[in-house]
Amino acid sequence: MTRTIKTKNLLCLPVAVVAMLGCAFWVSRTARAADHVPTATAQASALKPPATGQINVAFVISDGANVIDIAGAREVFGDSMLTSKGKPWHEDAGDDMVMPFNTYTVSDSLKPVNAAGLTIVPDYSFATAPKPQIIVIPAQGGRSDSQKTWLLENSATADVTMSVCTGASMLAKYGLLDGLTATTHHLYAANMQKQYPAVHFISGTRFVDHGKIATAGGLTSGIDLALHIVERYYGREVAQSTADFLEYGGELWKSPEFGQLKPVGAAK
């Protein structure tokens, strides 16, 4: 089998629809057990792939970007595979392989980004990046006017804007999480709740998906959220075959609760 995957952006680093409670989106079946935790549903609505071409997935990066936040989600989207007939790809399909997602990095400029010791050269600047259908925000330190302008403009038209780990702080800073439940790395949740009181941070789940805006917990949680989004586009079988190709045995992308959902108290 010959398989080609675009790798320059990460230096070779690596739906079924369920109705619940009407119009809300993902938090969990157990949310009702947690006092004062706003609820959402167990499966966000299905997403419609484009009739032709790939789904653009833009990773916003700046100095201090976390490598696994980028690479985990990127590998999920980059390793999702269909046949030419739009069916889930399996090994017996051989070279009949279509890659439905186009991943790339975008930053203020093409200046190399120091991602915690790993240098990443952005594929595009905010001025030149293709219009994305999915935006991924990993943990990172940089904030800029051009970043804010690009994110607010493109998140309005993207199918999904998702954060991984403390990437949620960028969404919160720019007002994209106001009034919503969200999650982040457990060690930073209390400080973020204090800093962004308009957001309802919760614990006990790998991710929270409100349809157009989604947040994942720390680090590897981005893999689960990315698989969940693949499922929203192409169904459970494609997402499962992607997880199998990755040799990823985790099941929390199917049902992300790992404990009781609880509101996060603000740090004192």
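## Ground rules and confidence

Residues are numbered from 1 along each chain as its sequence is written, and side-chain values use heavy atoms, with hydrogens and water left out. Because the model is predicted, local features need pLDDT of at least 70 and side-chain atom pairs count only at pLDDT 80 or more, while totals for chains, interfaces and linings use all residues.

The chain has a mean pLDDT (the predictor's confidence in each residue, from 0 to 100) of 88. A value of 70 or more is reached by 84% of the residues.

## Helix 1 against helix 5

Helices here are DSSP runs of H or I with at least four residues, and strands are DSSP runs of E with at least two, both numbered from the N terminus. Helix 1 covers residues 67-78 and helix 5 covers residues 221-234. How far apart are the axes of helix 1 and helix 5, and at what angle do they pack? The axes are 8 Å apart and the angle is about 25°; axes are lines fitted to C-alpha atoms, for helices over the stretch in contact, and angles run from 0 to 180 degrees between N-to-C directions.

Helix 1 and helix 5 are therefore roughly parallel to each other, given that angles under 35 degrees count as roughly parallel, over 145 as roughly antiparallel, 65 to 115 as roughly perpendicular and the rest as oblique. Their crossing is right-handed, meaning that the near helix is turned clockwise from the far one by less than a right angle, with anticlockwise giving left-handed. On the helix 1 side of the contact are Gly72, Ala73, Val76 and Phe77. These meet Gly222, Ile223, Ala226, Leu227, Ile229 and Val230 in helix 5.

Helix 6 runs over residues 236-245. Its buried residues (under 20% relative accessible area; exposed is over 50% and partly exposed in between, with a 1.4 Å probe and protein chains only) are Val238, Ala239, Ser241, Thr242 and Ala243. The buried residues of helix 6 pack against both helix 1 and helix 5. Just after helix 6, Glu247 takes a positive phi of about 55°.

## The aromatic cluster

A pair of aromatic rings is described by the distance of the centres and the angle of the planes. Rings of Phe, Tyr and Trp (its six-membered ring) pair if their centres lie within 6.5 Å; planes under 30 degrees apart count as stacked, over 60 as edge-to-face and the rest as tilted. By this rule the model holds 6 aromatic pairs. Phe77 and Phe101 form a tilted pair, because their planes stand at 55°, with the ring centres 5.1 Å apart. This pair links Phe77 in helix 1 to Phe101 in strand 2 (residues 101-107), 24 residues apart.

Phe101 also pairs with Tyr233: the ring centres are 5.9 Å apart and the planes lie at 75°, so this pair is edge-to-face. Tyr233 sits in helix 5, and 132 residues separate it from Phe101. Phe77 is buried at 0% relative accessible area, Phe101 is buried at 5%, and Tyr233 is buried at 5%. Ring pairs join Phe77, Phe101, Tyr233 and Tyr234 into a cluster.

## Loops worth a look

Two non-glycine residues with positive phi are found in loops. Ala116, with a phi of about 50°, is in the loop between strand 3 (113-115) and strand 4 (118-120). Cys165, with a phi of about 60°, is in the loop between strand 7 (160-164) and helix 3 (168-173). Ala116 is exposed at 69% relative accessible area, whereas Cys165 is buried at 5%.

Two glycines complete the tour. Gly250 lies between helix 6 and strand 12 (257-263) and is partly exposed at 23%. Its C-alpha is 9.4 Å from that of Ile223, 27 residues away in sequence. Gly86, in the loop between helix 1 and strand 2, is partly exposed at 44%.

Note on methods. Contact means heavy atoms within 4.5 Å.
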